[in-house]
Amino acid sequence: MDNKTVSPEDRAHGLMERKPPAKESPKDGVLLGEGYLTVPVRLFAEEKPQQEEGSAMNQKPKTAEILCVGTELLMGNTVNTNAAFLARGLAEAGLNLYHQTVVGDNPERLREAVELALSRADVLITTGGLGPTYDDLTKETVARTLGRELVPHEESQRWVEEYFRRRGRIPCPNNQKQCMMPEGATVFPNHNGTAPGCLIYGAGKWEGKQAVLLPGPPNECEPMFWEQVLPLLRGGSRLVSRCLHFYGIGESDLAQKLDRLMRESRNPTVAPYCKPGEVMLRLTARVGEGESADALLDPVVEEIRREAGQYLYGVNVGNLQTALVHALLAKGLHIATAESCTGGLVAQRITSVPGASGAFEWGAVTYSCETKRKVLGVTQKTLDKFGAVSVQTAMAMARGARRKSGADVAISVTGNAGPEPSEGKPVGLVFIGVDSDAMTSVREVRIPPTENRGREFIRELAASHALHEALEAVKRTVK
């Protein structure tokens, strides 16, 4: 039997935390004035695994296709998160990805999908269908298509037996199915389940093609890919991306400002992605062995900053709440929140960021007028004269939250999320207050509802506006 087993390689993980001179182009981080703060990023070891005769690395495949197997994915019972992380990983390996497919647990349709993928890609990556039951057919189908027989794999047998032994259980007879591997395959042990993965090399008409089979559960699929598959797939080039995050400008307006750049730039490419309230630009450069991605990306980032820098709040920061928390931590500042219509969404998003405990001081949901008076000190006169949804109440809430908490920055949100007008104020009218040493203001935001965007949309977008206002206040605050 000619199966090869690959043990996991050591991966390098770490945190980058550096602040370059003001003139340098930001690579990862929150824009803080002229400089930037880097955020934790995952670093991968640059060492390459030893090249073996016939390995995927020596063959340097150029294109890949993802095929996710499972009727539960087709029916919408399970969200297909595997495809997203695999796409990122394939880009890191330098492979072009042009197609993703989902197919149910049907042997004929699975065979058709496998053959179609192999006809147009060098490497097929599958997830799912490696379990012990009768409808887990991925391994059998792919092996048969590639002209490989299934043979017993003794190490897989030992892994499965050890997996059950540690749990005080005995393997079922159908678990033996998971210990059969395609002849000549590279086998990937599963340290989090019972289904090993494998790399199959094509024969006959599929000579030169490769198929990587991964288990379906994300907690098994993801570590197997990063630790065992990615080192084998790395070729002579790789794709490096930077994500630029913008707030306060629409996709069409940003595209108009950057029209020439987006049309003419080839390496790196520039692609916009839109989500409620903000836009992301992904810059992707293809670099060869020993080449610097920064040399390609930095000039483009600088040009974008010249054209639309006032809307750019971070690079590779992920989202507003992460940008805000890291900006607070970088300056040693603390924040407090006082919320009405958002019902704690602002605080929830801030505290969802790891490390937020070092920056989040205090939060209150003051939904009723009585609570606004008792907790934040908003006067009855203010509420009677201007109403709960007003500039004056938003300002009083922010000042009360800062006074009560002792935080450096306080943010408040009050508004009408619907479904009906209140106090004569239209649905979607929101006021966001900020109180800090550097910035005291109230911003009026109008988020008109639509048939498909109602109360929850207004609340979420109001929370995003509040996070952005807080980030602006932090940028201006010196401690």
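**Entry 1: strand 6.** I started with the directions of the side chains in strand 6. Val123, Ile125 and Thr127 point one way, while Leu124 and Thr126 point the other way. All of these residues are buried. I note the general rule alongside: side chains in a regular strand alternate between the two faces of the sheet. The model I am reading is a predicted one.

How many of the residues of strand 6 are buried? I find 5 of the 5, over residues 123-127, so strand 6 is largely enclosed by the rest of the structure.

**Entry 2: the partners of strand 6.** Next I looked up the pairing. Strand 4, residues 63-69, is joined to strand 6 by 5 bridges, and the two run parallel.

**Entry 3: the whole chain.** I stepped back for the totals. The chain has 16 helices and 20 strands. It holds 479 residues, and 52% of them are buried. I then checked the contacts with a separation of 6 or more: 70% of them are between residues 24 or more positions apart. The accessible surface comes to about 22000 Å². Carbon and sulfur atoms hold 49% of that surface.

**Entry 4: Thr141.** I find Thr141 in helix 5, which spans residues 138-145. Is Thr141 buried or exposed? Its relative accessibility is 4%; the cut-off for buried is under 20%, so Thr141 counts as buried.

I then looked for what surrounds this side chain. A polar atom of the Thr141 side chain lies 2.7 Å from the backbone oxygen of Leu137. Leaving out residues up to four places away in sequence, Thr141 touches Pro107, Leu110 and Arg111.

**Entry 5: aromatic pairs.** I searched the whole structure for ring pairs and got 4. One of them is Phe85 with Trp226, a tilted pair. I read 6.1 Å centre to centre and 45° between the planes. Which parts of the chain does this pair link? Phe85 is in helix 3, residues 82-92, and Trp226 is in helix 7, residues 218-233. The two are 141 residues apart, so I log them as distant parts of the chain. Both Phe85 and Trp226 are buried.

Tyr163 and Phe164 came next. Their ring centres are 5.6 Å apart and their planes stand at 80°, so this pair is edge-to-face. Tyr163 and Phe164 are both buried. I also logged a cluster: ring pairs link Phe85, Phe225 and Trp226.

**Entry 6: charges over rings.** I went back to Tyr163 and looked at its face. Arg167 lies over it, 3.7 Å from the ring centre. I noted a second case at Tyr273, where the charged end of Arg282 sits over the ring. That distance is 5.5 Å from the ring centre.

**Entry 7: cis peptide bonds.** I looked up two prolines. Asn267 and Pro268 are joined by a cis peptide bond, with omega about 15°. Pro268 lies in the loop between helix 9 (259-264) and strand 13 (269-275). Gly418 and Pro419 are joined by a cis peptide bond too, again with omega about 15°. I place Pro419 in the loop between strand 18 (409-415) and strand 19 (429-436).

**Entry 8: positive phi.** Last, I checked backbone angles. Asn316 is not a glycine, yet its phi is positive, near 55°. Asn316 sits in the loop between strand 15 (312-315) and helix 11 (320-331). Its relative accessible area is 23%, and Asn316 is partly exposed.

Glu423 is not a glycine either, and its phi is positive at about 55°. I find Glu423 in the loop between strand 18 and strand 19, where I had already placed Pro419. At 47% relative accessibility, Glu423 counts as partly exposed.

Note on methods:
Residues are numbered from 1 along each chain as its sequence is written. Side-chain values use heavy atoms; hydrogens and water are left out. Helices (H or I, at least four residues) and strands (E, at least two) are DSSP runs, numbered from the N terminus. Buried means under 20% relative accessible area, exposed over 50%, partly exposed in between (1.4 Å probe, protein chains only). A polar contact is a pair of N or O atoms within 3.5 Å; within protein, one must be able to donate a hydrogen and the other to accept it, and residues adjacent in sequence count only if both atoms are side-chain atoms. Contact means heavy atoms within 4.5 Å. Rings of Phe, Tyr and Trp (its six-membered ring) pair if their centres lie within 6.5 Å; planes under 30 degrees apart count as stacked, over 60 as edge-to-face and the rest as tilted. A charge sits over a ring if NZ of Lys or CZ of Arg is within 6 Å of the ring centre and within 35 degrees of the ring normal. Accessible areas come from the Shrake-Rupley method with a 1.4 Å probe; for residues, only the protein chains shown count as cover. Two strands pair if DSSP finds at least two bridges between them.
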